[in-house]
Amino acid sequence: MGRNIFAFCFVLSLLCGCCSSLGCKWIKDDLYKPTSKETMNLLKHMGKEFVKERAHMHIPPKAYKMHKHIKLGDNVFEVYEAFLNISKIFNLNQDSVTTWNRTALDIFKNNLYRQTKELKSCMQEMKYSDNRRSNEIKTLESYFKKLEHFLENKNYSAHAWEVIRIQVQDNLERMDRFTAHIRTHMMDNSNV
(Lines give C-alpha, C1' and ligand atoms only; values in the text may rest on other atoms or scores of the structure.)
Protein backbone atom coordinates (compact mmCIF):
# COMPACT_ATOMS: atom_id res chain seq x y z
CA MET A 1 0.00 0.00 0.00
CA GLY A 2 2.88 2.37 0.79
CA ARG A 3 4.32 1.80 -2.68
CA ASN A 4 0.96 2.65 -4.29
CA ILE A 5 0.73 5.92 -2.38
CA PHE A 6 4.32 6.75 -3.29
CA ALA A 7 3.65 5.96 -6.97
CA PHE A 8 0.46 8.03 -6.90
CA CYS A 9 2.26 11.00 -5.29
CA PHE A 10 5.12 10.70 -7.77
CA VAL A 11 2.77 10.73 -10.79
CA LEU A 12 0.76 13.59 -9.27
CA SER A 13 3.92 15.65 -8.73
CA LEU A 14 4.98 15.03 -12.33
CA LEU A 15 1.59 16.15 -13.58
CA CYS A 16 1.59 19.24 -11.39
CA GLY A 17 5.10 20.14 -12.44
CA CYS A 18 4.21 19.60 -16.08
CA CYS A 19 1.11 21.75 -15.91
CA SER A 20 2.78 24.62 -14.10
CA SER A 21 5.53 24.81 -16.70
CA LEU A 22 3.10 24.99 -19.59
CA GLY A 23 2.70 28.72 -19.28
CA CYS A 24 -0.49 30.60 -19.88
CA LYS A 25 -3.25 28.28 -21.11
CA TRP A 26 -5.44 31.30 -21.99
CA ILE A 27 -2.84 32.37 -24.55
CA LYS A 28 -1.21 29.04 -25.39
CA ASP A 29 -4.48 27.27 -26.26
CA ASP A 30 -5.54 30.36 -28.27
CA LEU A 31 -8.56 31.00 -26.02
CA TYR A 32 -7.55 34.67 -26.05
CA LYS A 33 -8.20 35.07 -29.78
CA PRO A 34 -12.04 34.85 -29.97
CA THR A 35 -12.55 37.23 -27.04
CA SER A 36 -9.96 39.61 -28.47
CA LYS A 37 -11.62 39.56 -31.89
CA GLU A 38 -15.05 40.24 -30.39
CA THR A 39 -13.64 43.05 -28.24
CA MET A 40 -12.04 44.75 -31.24
CA ASN A 41 -15.18 44.36 -33.35
CA LEU A 42 -17.37 45.85 -30.63
CA LEU A 43 -15.07 48.84 -30.27
CA LYS A 44 -14.78 49.29 -34.02
CA HIS A 45 -18.55 49.43 -34.50
CA MET A 46 -19.37 51.44 -31.39
CA GLY A 47 -18.24 54.73 -32.83
CA LYS A 48 -18.58 55.97 -36.32
CA GLU A 49 -18.27 59.68 -35.81
CA PHE A 50 -15.86 61.57 -37.99
CA VAL A 51 -12.87 62.65 -35.97
CA LYS A 52 -11.11 65.77 -37.21
CA GLU A 53 -8.69 65.89 -34.33
CA ARG A 54 -6.11 63.25 -33.61
CA ALA A 55 -4.64 62.90 -30.19
CA HIS A 56 -0.93 63.60 -30.39
CA MET A 57 -0.27 60.59 -28.26
CA HIS A 58 1.34 57.67 -29.93
CA ILE A 59 1.69 54.18 -28.55
CA PRO A 60 5.24 53.94 -27.23
CA PRO A 61 7.49 52.35 -29.88
CA LYS A 62 8.81 49.66 -27.52
CA ALA A 63 5.36 48.65 -26.30
CA TYR A 64 3.99 45.27 -27.35
CA LYS A 65 7.30 43.99 -28.69
CA MET A 66 9.26 40.91 -27.75
CA HIS A 67 12.53 41.83 -26.03
CA LYS A 68 15.41 39.42 -25.51
CA HIS A 69 16.11 40.65 -21.99
CA ILE A 70 12.54 40.01 -20.86
CA LYS A 71 10.97 36.69 -19.92
CA LEU A 72 7.61 35.61 -21.36
CA GLY A 73 5.94 36.35 -18.03
CA ASP A 74 7.02 39.98 -18.36
CA ASN A 75 5.34 40.14 -21.77
CA VAL A 76 2.10 38.70 -20.36
CA PHE A 77 2.36 41.22 -17.50
CA GLU A 78 2.63 44.04 -20.06
CA VAL A 79 -0.58 42.92 -21.80
CA TYR A 80 -2.29 42.55 -18.41
CA GLU A 81 -1.24 46.09 -17.41
CA ALA A 82 -2.53 47.46 -20.73
CA PHE A 83 -5.92 45.81 -20.18
CA LEU A 84 -6.06 47.22 -16.65
CA ASN A 85 -5.40 50.72 -17.98
CA ILE A 86 -7.91 50.41 -20.81
CA SER A 87 -10.53 49.17 -18.33
CA LYS A 88 -9.78 52.13 -16.08
CA ILE A 89 -10.29 54.55 -18.98
CA PHE A 90 -13.58 52.94 -19.97
CA ASN A 91 -14.87 53.33 -16.43
CA LEU A 92 -14.58 57.10 -16.69
CA ASN A 93 -17.51 59.43 -17.41
CA GLN A 94 -19.22 58.37 -20.66
CA ASP A 95 -22.42 60.41 -20.32
CA SER A 96 -21.68 62.45 -23.45
CA VAL A 97 -21.33 59.39 -25.67
CA THR A 98 -24.95 59.05 -26.71
CA THR A 99 -24.26 57.49 -30.12
CA TRP A 100 -22.56 54.39 -28.73
CA ASN A 101 -24.68 51.30 -28.34
CA ARG A 102 -24.87 50.77 -24.56
CA THR A 103 -25.32 47.00 -24.85
CA ALA A 104 -22.21 46.75 -27.03
CA LEU A 105 -20.35 48.98 -24.57
CA ASP A 106 -21.34 46.72 -21.66
CA ILE A 107 -20.22 43.60 -23.55
CA PHE A 108 -16.97 45.38 -24.45
CA LYS A 109 -16.33 46.21 -20.78
CA ASN A 110 -17.16 42.63 -19.75
CA ASN A 111 -14.66 41.36 -22.33
CA LEU A 112 -12.00 43.71 -20.94
CA TYR A 113 -12.74 42.37 -17.46
CA ARG A 114 -12.55 38.75 -18.66
CA GLN A 115 -9.26 39.28 -20.48
CA THR A 116 -7.79 41.02 -17.44
CA LYS A 117 -8.97 38.22 -15.14
CA GLU A 118 -7.63 35.47 -17.42
CA LEU A 119 -4.27 37.20 -17.83
CA LYS A 120 -3.99 37.68 -14.07
CA SER A 121 -4.59 33.96 -13.67
CA CYS A 122 -1.93 33.26 -16.30
CA MET A 123 0.60 35.38 -14.48
CA GLN A 124 0.54 32.95 -11.57
CA GLU A 125 1.98 30.31 -13.89
CA MET A 126 4.70 32.46 -15.46
CA LYS A 127 8.33 33.27 -14.69
CA TYR A 128 9.49 36.88 -14.54
CA SER A 129 12.64 38.94 -14.70
CA ASP A 130 13.92 40.42 -11.46
CA ASN A 131 12.44 43.81 -12.38
CA ARG A 132 8.94 43.36 -13.74
CA ARG A 133 8.35 47.12 -13.68
CA SER A 134 10.41 47.63 -16.83
CA ASN A 135 10.81 50.91 -18.65
CA GLU A 136 8.40 49.61 -21.30
CA ILE A 137 5.63 49.18 -18.73
CA LYS A 138 6.31 52.54 -17.11
CA THR A 139 6.22 54.22 -20.52
CA LEU A 140 2.98 52.44 -21.37
CA GLU A 141 1.40 53.57 -18.08
CA SER A 142 2.46 57.14 -18.84
CA TYR A 143 0.83 56.86 -22.28
CA PHE A 144 -2.47 55.70 -20.75
CA LYS A 145 -2.31 58.56 -18.23
CA LYS A 146 -2.05 60.96 -21.18
CA LEU A 147 -5.20 59.42 -22.65
CA GLU A 148 -7.00 59.95 -19.33
CA HIS A 149 -5.81 63.57 -19.15
CA PHE A 150 -6.93 64.13 -22.74
CA LEU A 151 -10.45 62.99 -21.83
CA GLU A 152 -10.46 65.12 -18.70
CA ASN A 153 -9.21 68.21 -20.55
CA LYS A 154 -11.90 67.75 -23.18
CA ASN A 155 -14.56 67.37 -20.46
CA TYR A 156 -15.29 63.77 -21.52
CA SER A 157 -16.94 65.03 -24.70
CA ALA A 158 -18.30 62.63 -27.30
CA HIS A 159 -15.58 63.82 -29.67
CA ALA A 160 -12.85 63.12 -27.10
CA TRP A 161 -14.26 59.65 -26.51
CA GLU A 162 -14.13 59.00 -30.23
CA VAL A 163 -10.44 59.95 -30.26
CA ILE A 164 -9.86 57.61 -27.31
CA ARG A 165 -11.84 54.83 -28.99
CA ILE A 166 -9.51 54.99 -31.99
CA GLN A 167 -6.43 55.04 -29.73
CA VAL A 168 -7.67 52.01 -27.79
CA GLN A 169 -8.56 50.22 -31.01
CA ASP A 170 -4.95 50.69 -32.17
CA ASN A 171 -3.73 49.32 -28.82
CA LEU A 172 -5.99 46.27 -29.00
CA GLU A 173 -4.79 45.47 -32.52
CA ARG A 174 -1.14 45.69 -31.42
CA MET A 175 -1.86 43.67 -28.28
CA ASP A 176 -3.49 41.00 -30.42
CA ARG A 177 -0.39 40.69 -32.64
CA PHE A 178 1.88 40.79 -29.56
CA THR A 179 -0.11 38.02 -27.89
CA ALA A 180 0.21 35.92 -31.06
CA HIS A 181 4.01 36.32 -30.76
CA ILE A 182 3.86 35.35 -27.08
CA ARG A 183 1.83 32.26 -28.03
CA THR A 184 4.37 31.29 -30.69
CA HIS A 185 7.19 31.55 -28.14
CA MET A 186 5.20 29.47 -25.65
CA MET A 187 4.60 26.79 -28.27
CA ASP A 188 8.28 26.80 -29.28
CA ASN A 189 9.37 26.47 -25.65
CA SER A 190 6.97 23.60 -24.97
CA ASN A 191 8.50 21.58 -27.79
CA VAL A 192 11.97 21.77 -26.24
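These legends describe close-up views of a predicted model of one chain. Residues are numbered from 1 along each chain as its sequence is written, and side-chain values use heavy atoms, with hydrogens and water left out. In this predicted model, local features need pLDDT of at least 70 and side-chain atom pairs count only at pLDDT 80 or more, while totals for chains, interfaces and linings use all residues.

View 1. The secondary structure comes to 7 helices and 0 strands. Helices (H or I, at least four residues) and strands (E, at least two) are DSSP runs, numbered from the N terminus. Of the 192 residues in the chain, 44% are buried. Buried means under 20% relative accessible area, exposed means over 50%, and partly exposed lies in between (1.4 Å probe, protein chains only). Among contacts (heavy atoms within 4.5 Å) with a separation of 6 or more, 87% join residues 24 or more positions apart.

View 2. The pLDDT is the predictor's confidence in each residue, from 0 to 100. Its mean over the chain is 81, and 79% of the residues reach 70 or more. Helix 1 (residues 2-20) has the lowest confidence, at a mean of 40, and helix 5 (residues 102-123) has the highest, at 93. Over residues 2-22 pLDDT stays under 50, and the model has 2 contacts beyond four places in sequence for them.

View 3. A nonpolar core is a set of buried Ala, Val, Leu, Ile, Met, Phe, Trp, Tyr and Cys residues joined through side-chain atoms within 4.5 Å. This core has 51 residues, of which Phe90 and Phe108 touch the most other members. At least two residues come from each of helix 2 (25-28), helix 3 (32-46), helix 4 (72-89), helix 5, helix 6 (135-153) and helix 7 (158-190). Helix 7 gives the largest share, 10 residues. Leaving out residues up to four places away in sequence, Phe108 touches Thr39, Leu42, Leu43, Met46, Phe90, Val168 and Leu172.

View 4. The 22 residues of helix 5 should span 32 Å at 1.5 Å a residue, and its end C-alpha atoms are 31 Å apart, which agrees. The expected span is 1.5 Å times one less than the number of residues. The buried residues of helix 5 include Ala104, Phe108, Gln115 and Met123. Down the helix axis, the buried residues fall within an arc of 135°, so they line one face of helix 5. This arc is that of the directions from the helix axis to the C-beta atoms. The face turned away from the buried side carries the exposed residues Thr103, Asn110, Tyr113 and Lys117. Asn101 caps the N-terminal end of helix 5, with a side-chain oxygen 2.8 Å from the backbone nitrogen of Thr103.

View 5. Ser87 lies in helix 4 and counts as buried because its relative accessibility is 16%. Beyond its neighbours within four places in sequence, Ser87 is in contact with Leu112 and Thr116.

**View 6. Two loop residues have positive phi.** Most residues other than glycine have a negative phi. Asp30, in the loop between helix 2 and helix 3, has a phi near 60°. At 33% relative accessibility, Asp30 counts as partly exposed. Tyr64, in the loop between helix 3 and helix 4, also has a phi near 60°. At 6% relative accessibility, Tyr64 counts as buried.

Methods. Polar contact = N/O pair within 3.5 Å; in protein donor to acceptor, adjacent residues only side chain to side chain.
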